[in-house]
Amino acid sequence: FLENDDEIDASVGSTHARIWYDYERREFWIMDEGSRYGTRILRSGLFIEVPGEDPAGVRLQSGDDLYFGQAGLHFELS
């Protein structure tokens, strides 16, 4: 995301959230790094709040829509 005056980009911090791959479980996970505007997952029409600074994180599924503040992206595994 760009560091400019755009309202959507401004809602995403440079250390907003972290996504990682757990090799033992063969799964992707996400955690919010204590961001100001939060991190959410839209899955099957329902929002899941990603807890701030929870090292356990939330497991991602293919097809999830991720929202970092007001900015969003689609997570798809192929």
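Me: Why is E27 called partly exposed?

Reply: In this predicted model, E27 has a relative accessible area of 23%. Buried requires a value under 20% and exposed a value over 50%, so a residue at 23% is partly exposed.

Me: What makes the contact between E27 and R59 a salt bridge?

Reply: The side chains of E27 and R59 approach to 3.8 Å, N to O. The cut-off is within 4 Å, and therefore the pair counts as a salt bridge. The two residues lie in distant parts of the chain: E27 belongs to strand β2 and R59 to strand β5, 32 residues apart. R59 is also partly exposed, with a relative accessible area of 33%.

Me: How do you know that β2 and β5 are paired strands?

Reply: Two bridges join β2 (residues 27-32) to β5, and the strands run antiparallel. Pairing requires at least two bridges, so the two found here are enough. Within this pairing, I30 has V58 of β5 as its bridge partner. The strands belong to an open sheet of three strands in the order β1-β2-β5, where β1 (17-22) and β5 (58-59) are the edge strands, each pairing on one side only.

Me: Why is R25 called exposed, and what is its salt bridge partner?

Reply: R25 has a relative accessible area of 52%. Exposed means over 50%, so R25 is exposed. Its partner is D22, with the closest N and O atoms 3.9 Å apart; the limit is within 4 Å, so this pair also qualifies as a salt bridge. The structure holds four salt bridges.

Me: Why does R40 have no salt bridge?

Reply: The nearest side chain of opposite charge to R40 is E49, at 4.3 Å. A salt bridge must lie within 4 Å, so E49 does not qualify as a partner. R40 is found in strand β3 and is buried. A polar atom of the R40 side chain lies 3.1 Å from the backbone oxygen of G69. G69 takes a positive phi near 60° in the hairpin of β6 and β7, which has two residues between the strands.

Me: What makes D64 and R43 a salt bridge?

Reply: Their side chains meet at 2.8 Å, N to O, and the cut-off is within 4 Å; the pair therefore qualifies.

Me: Why are β4 and β7 said to stand at the edges of their sheet?

Reply: The sheet is open and has four strands in the order β4-β3-β6-β7, with antiparallel pairing. β4 (46-50) and β7 (71-74) each have a single partner strand, so one side of each is left without a neighbour in the sheet. Neighbouring strands of this sheet are turned by 25° against each other on average, direction ignored. β3 pairs with β4 over five bridges and is joined to β6 by four.

Me: Why is L60 called buried?

Reply: L60 has a relative accessible area of 4%. Buried means under 20%, so L60 is buried. L60 is found in the loop between β5 and β6. L60 and W29 are 31 residues apart in sequence and 5.3 Å apart in space, C-alpha to C-alpha.

How values were computed: Residues numbered from 1 in each chain as written. Predicted model: local features only at pLDDT ≥ 70, side-chain atom pairs only at ≥ 80, totals over all residues. Heavy atoms only, no water. Axes fitted to C-alpha atoms, helices over the stretch in contact; angles between N-to-C directions. Buried < 20%, exposed > 50% of the residue type's maximum accessible area, 1.4 Å probe, protein only. Lys, Arg positive; Asp, Glu negative; His and termini not counted. Polar contact = N/O pair within 3.5 Å; in protein donor to acceptor, adjacent residues only side chain to side chain.
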